[in-house]
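Trainee: I'm new to this one. Could you walk me through it?

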Amino acid sequence: MKMKEVSKRGWGFMATFLTVVPLLLILAVAAPASAAEGPAVMITSYTVEPQALMPGDTGTITVTIQNTDTQASKTTVASTTSGGYTSSTTTTSTISAEIDTIRLISRSREIEWLQEGTTRTEYLSVGALGPGESITISLPIKAGAYAPEGTYFPEVYIDVRNGDNVRFPVRVNVDRSEVKLLVKDIPSEISLSESKGIAIVVANNRPNAVNGVNVYVKSSTDDFEFKPAGIFIGKLEAYDKKVVNFTLTPLLEGDKNIYFEVEYKNGDNVHHSKLTSSIVVKSSSDVKLILVNAPESVYQGEVAKLDFYVANGMTKDIKAVSVVPAIEGLKILPSEYFIGDMEAGDLFSASFDLHTTNLEIGEIAIPFKLVFKDIETERQYEISGYTVQVEVRQPQKSGLPPSMLGGALVGILVIVAVVLWMRAGRKRARERRLSAKKAESNK
């Protein structure tokens, strides 16, 4: 029995030994080891602002970097032996992506990484990204001043310390197209006494939207008055256009230039486009003062009557029309002849009395002006109407009015004619008597 028991115990020990030893060997080998998988870093999205750069523009590439491996982990197995028995402990921890640097790589200088006015090559010691975590980084860029139009692919390079590095090309477009100003409706001629509307087209020829669009109009030497002087449009979508309207009022006659300018932003970059147009301002007025009657001369002390017609030859109505003597120191009544509203094609009369008692002898020029308002814009106009030339003569010494002097003169002439006729009659009668006496004496 004892021999059998010893034999059984020996075989049991051997079986246990053969089972435990391999396990201990496996644990011994596995104890210092760890199972690890590196993190997977990717650029999941990016934007370029503005969508298309103009040469010399600055912009921004914004990238989102993510540790996309949510299962990245490290497992550590540790074993301990106590009382002939061995136990193991398994520890699992997540792995963060350790990012050393991020930099922009460009094969040409047409697209550069710009930071605070200087070119930089990288962001240093960016940090760690846990599984599933992401970070957004902006890379300021600049297009070369003479960059040709086209598409460029600078690369965003990410240096991952404990994983695979990333090289990601970003599409950047350069486009020279501008926002243009085009003439829609500008008259070639305009009268000095009228206001007209003008229209300009603002066309965005770019493949991307622009912002902060303003349109301004001006003249070089204040030859015109513009209402308004500027118009704000705001955002203008790609290949979109908008019509803006101004009211133009000329102040001086002649050939004049009008200057238009549009200011807009492509991203944060301010740009300008200009347009020049010419217009002829005529001195002739479509509202006219026509002289009907005025004496060429008048004796001092008489009252001269001056009669006019006021004609509205414009195609629209006007208001607050009046005729005003444009001279001081004369007694002219009324001092202003008010007409009021005039429709297109109307004709009204206006009369003045010129008192000459205190006027000096000689020629005198009396200018009259027309004053009226545009019925649409309420702008008041003053234009030269007509200048009347009148000669003031020395009055007759008799002090009689010219009409009485003329009548007296006619009377005197009649009397003289009668006296001469009577004298001629007496002479003829005397000659007849003498002829009769000679005839009797000859008998």
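Trainee: Which residues form a nonpolar patch on the surface?

Mentor: Keep in mind that this is a predicted model. The patch has about 350 Å² of accessible area in total. Its members are I290, V292, Y309 and L347.

Trainee: Let's take V292 from that patch. Is V292 buried, partly exposed or exposed?

Mentor: V292 sits in strand β25, which covers residues 287-293. Its relative accessible area is 45%. Buried means under 20% and exposed means over 50%, so with 45% V292 is partly exposed.

Trainee: And L114, is that buried or exposed?

Mentor: You'll find L114 in strand β8, residues 111-115. Its relative accessible area is 18%. The cut-off for buried is under 20%, so at 18% L114 counts as buried.

Trainee: What is the separation between the C-alpha atoms of L114 and A143?

Mentor: Along the chain, L114 and A143 are 29 residues apart.

Trainee: Let's zoom out. How many helices and strands does the protein have?

Mentor: The protein runs to 443 residues, and 32% of them are buried. Among contacts between residues at least 6 apart in sequence, 66% join residues at least 24 apart. As for the elements, the count is two helices and 33 strands.

Trainee: What share of the accessible surface belongs to carbon and sulfur atoms?

Mentor: Start from the total, which is about 26,500 Å² for the protein. Of that, the carbon and sulfur share is 53%.

Trainee: Now the backbone. Where is P228, which has a cis peptide bond from K227?

Mentor: The bond from K227 to P228 is cis, with omega near -10°. As for P228 itself, look between strands β20 (224-227) and β21 (230-236). Its place is the loop between β20 and β21.

Trainee: What is omega for the cis bond from L333 to P334?

Mentor: P334 is in the loop between β29 (331-333) and β30 (337-342). The peptide bond leading from L333 into P334 is cis. Its omega is near -5°.

Trainee: Y239 has a positive phi. Is Y239 buried or exposed?

Mentor: Y239 isn't a glycine, yet its phi is about 60°. It lies in the loop between β21 and β22 (241-250). Exposed means over 50%, so at 59% relative accessible area Y239 is exposed.

Trainee: A320 has a positive phi too. Which strand holds A320?

Mentor: A320 has phi of about 55° and isn't a glycine either. At 26% relative accessibility, A320 is partly exposed. The strand spans residues 318-325, and its name is β28.

Technical notes: Residues numbered from 1 in each chain as written. Predicted model: local features only at pLDDT ≥ 70, side-chain atom pairs only at ≥ 80, totals over all residues. Heavy atoms only, no water. Helix = DSSP H or I, 4+ residues; strand = E, 2+ residues; numbered from the N terminus. Buried < 20%, exposed > 50% of the residue type's maximum accessible area, 1.4 Å probe, protein only. Contact = heavy atoms within 4.5 Å. Areas by Shrake-Rupley, 256 points an atom, 1.4 Å probe, with all protein chains shown as cover. Patch = residues over 30% accessible without salt bridge, like charges linked within 9 Å, V, L, I, M, F, W, Y side chains within 5 Å. Salt bridge = Lys/Arg side-chain N within 4 Å of Asp/Glu carboxyl O.
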